[in-house]
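Hi,

Here's the structure I promised to pass on. Have a look at it first, and then read my notes below.

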Amino acid sequence: MNFKEFTEKIMALLRVKLGADYKVTLTKVLKNNDIRLTGIVIMKESDSMSPTIYLEEPYRRFRDGTSAQKIVEEILSLYNEHACDLKLDMDFFRDFSLVESRICHKVINYEKNQELLRDVPWFRWHDLAITFYYAMEAEAFGKASVMIHNNHLDMWGQPAEEVYRVAERNMRQRMPDLLLPMQKLLEEMMGIKEEGPEQLLYVLTNRNKIFGASAMLYSEKMKLLADRLRADLLILPSSVHEVLLLPDDRNREYDFYRQMVKEVNTTQVDPEEILSFNLYRYDREKAQIEAIL
């Protein structure tokens with residue numbers, strides 16, 4: 001069964017189980033880096049919004065032996081889990097004063113997102129684009145977000161520059177930069193303390209560790225680290241969620257690091273979360289980030 005046949009089968013099973021009170025629709029969603037996903041949206045007439053449940057992963061599990069009935073049960077369980085909280089009144093989103101405190105920014109690859117950038121406010125930063133999102137507050141959405149589009153700015157009557165200003169303030173207050181030695185981060189993740197000398201490799205993200213690569217735009221800890229090490233910092237784009245920092249004496253073999261970034265992006269990072277294949281440097285004397293060409 002190919003993917004198209006799979007989606008048709010899942011849609012048919014859902015409509016039989018849910019009945020006429022629910023509308024089940026298929027949607028195509030353009031994600032970061034021109035990744036296009038297929039999702040199902042389940043809504044009652046009274047629902048103001050509903051999550052998009054993507055089908056690519058269920059299809060992989062279906063091909064590995066999970067039954068269509070089981071997948072339908074999981075989709076319904078996910079929908080029902082959040083059914084009450086999804087009845088949020090989204091009329092508040094029309095009022096800029098009610099949403100501005102949760103507007104944030106993130107950085108994405110400029111070249112890989114040309115179609116997306118036609119529909120959203122953005123600012124160029126080296127080979128990246130700074131874009132904006134609304135961080136959902138409801139518990140049911142966890143760390144979900146709503147991408148801010150040009151029509152939102154028209155609705156609010158706000159220029160992109162004001163949205164950038166608000167996002168910059170919110171990032172500093174709500175998502176302050178977080179800088180950790182890679183060794184310590186691995187210890188926290190694995191619960192094992194490793195002995196040995198401290199390695200001069202650091203992870204820069206934000207407190208939530210979501211879209212944390214944009215901490216480059218406002219991090220004070222990066223400057224403090226450069227001053228402590230008395231060196232410029234080489235910045236390796238790890239993903240949209242974080243970057244790696246290490247001392248840069250300007251005599252390094254940058255091709256080695258470019259190849260490392262390329263290999264990690266190709267083999268370890270979800271295609272939707274790739275940030276860049278380029279390198280950057282924090283210039284300690286200028287207190288600014290530059291691209292290494």
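Which residues in α1 meet which residues in α3? On the α1 side they are F6, K9, I10, L13, L14, K17 and L18, and they meet A68, Q69, I71, V72, I75 and L76 in α3. Contact here means heavy atoms within 4.5 Å.

Before going on, a word on where this comes from: it's a predicted model, where local features need pLDDT of at least 70 and side-chain atom pairs count only at pLDDT 80 or more, while totals for chains, interfaces and linings use all residues. Residues are numbered from 1 along each chain as its sequence is written, and side-chain values use heavy atoms, with hydrogens and water left out. Helices (H or I, at least four residues) and strands (E, at least two) are DSSP runs, numbered from the N terminus.

Back to that helix pair. Two packed helices are described by the angle between their axes and the distance between the axes. For α1 (residues 3–18) and α3, the angle is about 60° and the axes are 10 Å apart. That makes α1 oblique to α3, because angles under 35 degrees count as roughly parallel, over 145 as roughly antiparallel, 65 to 115 as roughly perpendicular and the rest as oblique. (Axes are lines fitted to C-alpha atoms, for helices over the stretch in contact, and angles run from 0 to 180 degrees between N-to-C directions.)

Helix α3 (residues 68–81) also lies across β1, β2 and β3, at about 60° to β2. Those strands form an open, antiparallel sheet of three in the order β1-β2-β3; two strands pair if DSSP finds at least two bridges between them. At the edges are β1 (22–30) and β3 (52–54), each pairing on one side only. Nine bridges link β1 to β2, and T25 sits opposite V41 in β2. Strand β2 (residues 36–44) is joined to β3 by three bridges, with I40 opposite I53 in β3.

There's another open sheet to find, with six strands in the order β8-β9-β11-β10-β12-β13 and antiparallel pairing. β8 (177–181) and β13 (288–292) each have a single partner strand, so one side of each is left without a neighbour in the sheet. Further in, β10 (residues 232–239) and β12 (residues 279–283) pair over three bridges, and L234 faces R281 in β12. Helix α9 (residues 221–229) lies across this sheet's strands β8, β9 (202–206), β10, β11 (242–248), β12 and β13, at about 135° to β10.

Last, the insides. A nonpolar core is a set of buried Ala, Val, Leu, Ile, Met, Phe, Trp, Tyr and Cys residues joined through side-chain atoms within 4.5 Å, and buried means under 20% relative accessible area, exposed over 50%, partly exposed in between (1.4 Å probe, protein chains only). The largest one has 45 residues, and I103, I235 and L245 have the most contacts inside it. Strand β6 (residues 128–135) supplies the largest share, six residues. A second, separate core of 18 residues includes L55, F62, A68 and Y79.

Cheers
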